[in-house]
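Subject: Structure handover

Hello,

Here is the structure you were waiting for. Please look through the sequence and the coordinates first; my notes follow below.

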Amino acid sequence: MKLTKEELQFINRTLAGNRVTGSLLPEARDQKQQTHSEIKKLLASISNSSQFSLVAKNANEQVEFPLSDLSALMEILDNNLEAPNIVEAANSSAPRSWRTCPSTPVRFRLSPQMMPFNMVSISQSGGLINTFPYQASAIQINVISRIAKLYLADPIPLFANVHSIKVASPLELAVSFAMNKTDNEKLKAFILHNYIQRKGLD
């Protein structure tokens with residue numbers, strides 16, 4: 001299926017509204033190119049057994065376009081290199097962000113006085129923290145409503161605003177958090193890279 005001129009114009013308007021102006025630093029440009037390459041690998045790996053659709057949104061309209069092949073989607077990706085939102089397919093109306101077990105350690109740190117904890121799993125909106133050697137219930141109160149630092153593969157941390165937490169097991173805390181757009185994009189790229197690695201597409 002080919003998109004009509006009007007459909008492409010609508011998609012381009014939507015993307016243009018979300019595009020960050022200004023030139024990218026070389027490191028950011030490299031990360032965007034890596035993300036773009038990984039998106040293509042992911043799409044290629046699932047294209048034979050999946051049905052694609054493109055959802056375009058702005059303030060007061062949403063349009064979903066079925067895609068019979070990837071050519072139109074690849075054309076759009078060439079102009080928009082942000083990592084996708086990867087979600088678990090679910091029967092509910094609000095699918096959950098895809099949660100991955102990191103292939104490289106992810107550290108969760110609340111303050112210089114507390115040791116960092118390893119994240120057992122992570123998504124765009126939260127994760128599961130291993131609290132060893134502490135009992136999860138003993139440190140739960142110290143985590144809620146705090147700004148945490150997330151260390152991925154980079155020594156520069158991402159900042160996460162912890163807004164809910166519960167004890168998942170004696171040594172695990174389930175944490176929900178929110179991030180600013182820049183840090184969230186970095187986390188999305190990390191999750192996508194981890195997803196690609198685990199599918200063996202590197």
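Two residues are in contact here if they have heavy atoms within 4.5 Å. This is a predicted model, in which local features need pLDDT of at least 70 and side-chain atom pairs count only at pLDDT 80 or more, whereas totals for chains, interfaces and linings use all residues. Residues are numbered from 1 along each chain as its sequence is written, and side-chain values use heavy atoms, with hydrogens and water left out.

Confidence and overall make-up

The mean pLDDT (the predictor's confidence in each residue, from 0 to 100) of the protein chain is 76, and 66% of its residues reach 70 or more. The chain has 5 helices and 8 strands; these are DSSP runs numbered from the N terminus, helices being H or I with at least four residues and strands E with at least two. Their order along the sequence is α-α-β-β-α-β-β-β-α-β-β-β-α.

Among contacts with a separation of 6 or more, 58% are between residues 24 or more positions apart.

The loop between β5 (126–130) and α4 (136–143) contains Pro 133. The peptide bond from Phe 132 to Pro 133 is cis, with omega about 15°. For comparison, most peptide bonds are trans. Thr 131 sits in the loop between β5 and α4 as well. Is Thr 131 buried or exposed? Thr 131 counts as buried because its relative accessibility is 0%. Beyond its neighbours within four places in sequence, Thr 131 is in contact with Phe 117, Ala 136, Ile 139, Pro 170, Leu 171, Glu 172 and Leu 173.

The core and helix α5

A nonpolar core is a set of buried Ala, Val, Leu, Ile, Met, Phe, Trp, Tyr and Cys residues joined through side-chain atoms within 4.5 Å. The largest one has 38 residues, and Phe 108, Met 119, Leu 150, Val 175, Phe 177 and Leu 187 have the most contacts inside it. Helix α5 (residues 181–198) gives the most to this core, with 6 residues. Leu 150 has contacts, leaving aside neighbours within four places in sequence, that include Val 106, Phe 108, Met 119, Ile 122, Phe 177 and Met 179.

The expected span of a helix is 1.5 Å times one less than its number of residues. For the 18 residues of α5 this should be 26 Å, and the end C-alpha atoms are 26 Å apart, which agrees. At the start of α5, a side-chain oxygen of Asn 180 comes to within 3.2 Å of the backbone nitrogen of Thr 182.

The buried residues of α5 include Asp 183, Glu 185 and Lys 188. Asn 184, also in helix α5, is buried because its relative accessible area is 17%. Not counting residues up to four places away in sequence, Asn 184 touches Gln 124 and Met 179.

Glu 64 belongs to strand β2 (residues 61–67) and is exposed, with a relative accessible area of 52%. Which residues does Glu 64 touch, not counting residues up to four places away in sequence? They are Ser 53, Leu 54 and Val 55. The C-alpha atoms of Glu 64 and Ser 53 are separated by 6.4 Å, although the two are 11 residues apart along the chain.

Regards

Note on methods:
Buried < 20%, exposed > 50% of the residue type's maximum accessible area, 1.4 Å probe, protein only. Polar contact = N/O pair within 3.5 Å; in protein donor to acceptor, adjacent residues only side chain to side chain.
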